[in-house]
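Please look over the sequence and the structure below before reading on. The notes that follow are grouped by topic.

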Amino acid sequence: MTTAAATSSTGAGSRTIVRDFTASIVVFLVAMPLCMGIAIASGAPPEKGLITGIIGGIVVGALAGSPLQVSGPAAGLAVIVFELIRDHGLSALGPVLIMAGAIQILAGVLRLGGWFRAISPAVVHGMLAGIGVLIVAGQFHVLFDAKPLANGVENLVAAPGRVLGLGAGGAGVQQAALVGVFSILAMLGWEKFRPKALRLVPGALIAVLAGTFLAAGLSLSVTRVEVPASIVAAVVPPSGDALSMFFNPTIITLAIAIAFIASAETLLSAAAVDRMHDGVRTKYDKELRAQGIGNMLCGFAGALPMTGVIVRSSANVQAGAATRLSAILHGVWILGLVALAPWLLRQIPMAALAAILVVTGFRLISLKHVRHLLHQYGPMPAAIWAGTLIMVVATDLLTGVIVGLVLSLVELIPHIRRAKLKIEQSTDEETSSLALNGTATFVSLPKLSAALESTPARGAVRINLERLAHIDHTCAEMLNDWLQRNRDAGVKVELTGANEKLRRLVPA
């Protein structure tokens, strides 16, 4: 765990400013290739991802409820945005994001942030795994300087043919494949063998540099990134014709889906970032409002949607960021590079960016997490994970998430008669006590989370589970995270009265 400053103010001391400045450079280097690569995976020009990165850094970074979280275009939204652009055109992004942002702001004002945390981790990780499969399958074709096909199943079916047809594909295809494979090997090799002194240099940057120097050094005939000479020219507000889309039921449904997925991914990322440091905790409703403002601005600029993103946030914390200043500065550096040296970005081969996304997508497919669900909580959470993944790949993102949520309700049925959870709290000078009575399921997670977070972080905490009949994997995951975080912080936490089944789910 990293020690962070106890303040979120940008007016921190000089030592804090130096830490934030250094961290901002690291995050900038991580973010640049990802912003462009995710835009391309979404079927949009790369500058759209860069504009989102700038807004995510400068605007959302200044307003965020999670000071050390970094916001920008996310791989988790690439699939739904790709389908949106494919079916309705790039101009539909503006109305959809303006509505999605407004929904997020309203959710923050109504204090619904805690409810997004109640989504089953099996659904979220199944969704991310499905997105990972789709990104790998789609970007695999870009490694050969080809475009992805219409859907994930077609991309998967056509992948073997792309390899078998390499010999007959011509010099350009073979050279693009060479750049792609070389970039993947450079990224993985750097991450495995990089010197300790250079541990903050991101593998994605090495992949881009390796692919670019290889293509330039051998004068390879491969497709390169196209960005406009002026970033201002890439800002395209919604036209008058787009106003009619605000009343289109399909567009409204997409806006709700993007608001839901972006909010869930943001708040789960924020919870993960909180576990990496001991500084200021996330204010979930404030974070929702900031993300909503960011997405509305992206809509008015015609850019991609944004979320809080875990890879860039993790790099931010590990690089020593202390306040929100590091996230703000990384947006400034992106703006500076795009405005002053767009010619530099045009040297990057598309295959090198595809290589980064293939690796990124593969890492979203976390078999380690499903093994954890199966071992710790039994077959049902693993089935929810698998069902969500399969439906995301076979149908679309929204259908897959809905199927996952319905399967989560099935898990609730055996306990429906005792679905309520009562929490009794008491505090004296040395000990805080909580007694749980009833059933702890995802329905009661916001209530349980609020009770735990209101417990003073000092002295001892005693949690009585004697009258707790059942706890599902969503609440158990949250409770285990809270236990680990508080014990790491030196709080003495004692669990009492748990039966054998509860002790297996929530080890004392």
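Does C298 count as buried or exposed? C298 counts as buried, because its relative accessibility is 0%, where buried stands for under 20% relative accessible area, exposed for over 50%, and partly exposed for what lies in between, using a 1.4 Å probe and protein chains only. This is a predicted model, in which local features need pLDDT of at least 70 and side-chain atom pairs count only at pLDDT 80 or more, while totals for chains, interfaces and linings use all residues. Residues are numbered from 1 along each chain as its sequence is written, and side-chain values use heavy atoms, with hydrogens and water left out.

**Cysteines**

- The count of disulfides comes to zero, a disulfide being a pair of cysteine sulfur atoms within 2.5 Å.
- C35 is in no disulfide, since the nearest cysteine sulfur, which belongs to C298, is 10 Å away.
- C35 is buried, with a relative accessible area of 0%.

**Aromatic rings and a charge**

- The whole structure holds two aromatic pairs, where rings of Phe, Tyr and Trp (its six-membered ring) pair if their centres lie within 6.5 Å, and planes under 30 degrees apart count as stacked, over 60 as edge-to-face and the rest as tilted.
- One of these is the edge-to-face pair of F21 and W333, with 5.8 Å from centre to centre and 80° between the planes.
- This pair links distant parts of the chain, as F21 belongs to helix α1 (residues 14-41) and W333 to helix α13 (residues 325-340), 312 residues apart; helices here are DSSP runs (H or I, at least four residues), as strands are (E, at least two), numbered from the N terminus.
- F21 is partly exposed at 43% relative accessibility, and W333 is also partly exposed, with a relative accessible area of 26%.
- The charged end of K192 sits over the ring of F193, 5.8 Å from its centre, a placement that requires NZ of Lys or CZ of Arg within 6 Å of the ring centre and within 35 degrees of the ring normal.

**A buried glutamine**

- Q291 lies in helix α11 (residues 284-301) and is buried, with a relative accessible area of 0%.
- Leaving aside residues up to four places away in sequence, Q291 touches V60, S71, Q104, T266, M306, T307 and G308, where contact means heavy atoms within 4.5 Å.

**Helix α3**

- In helix α3 (residues 78-88), the buried residues are A78, V79, I80, V81, E83, L84 and I85.
- The cover over these buried residues includes α1, α4 (93-109), α6 (121-142), α10 (249-274) and α18 (397-412).
- After α3 comes G89, whose phi is positive, near 90°.
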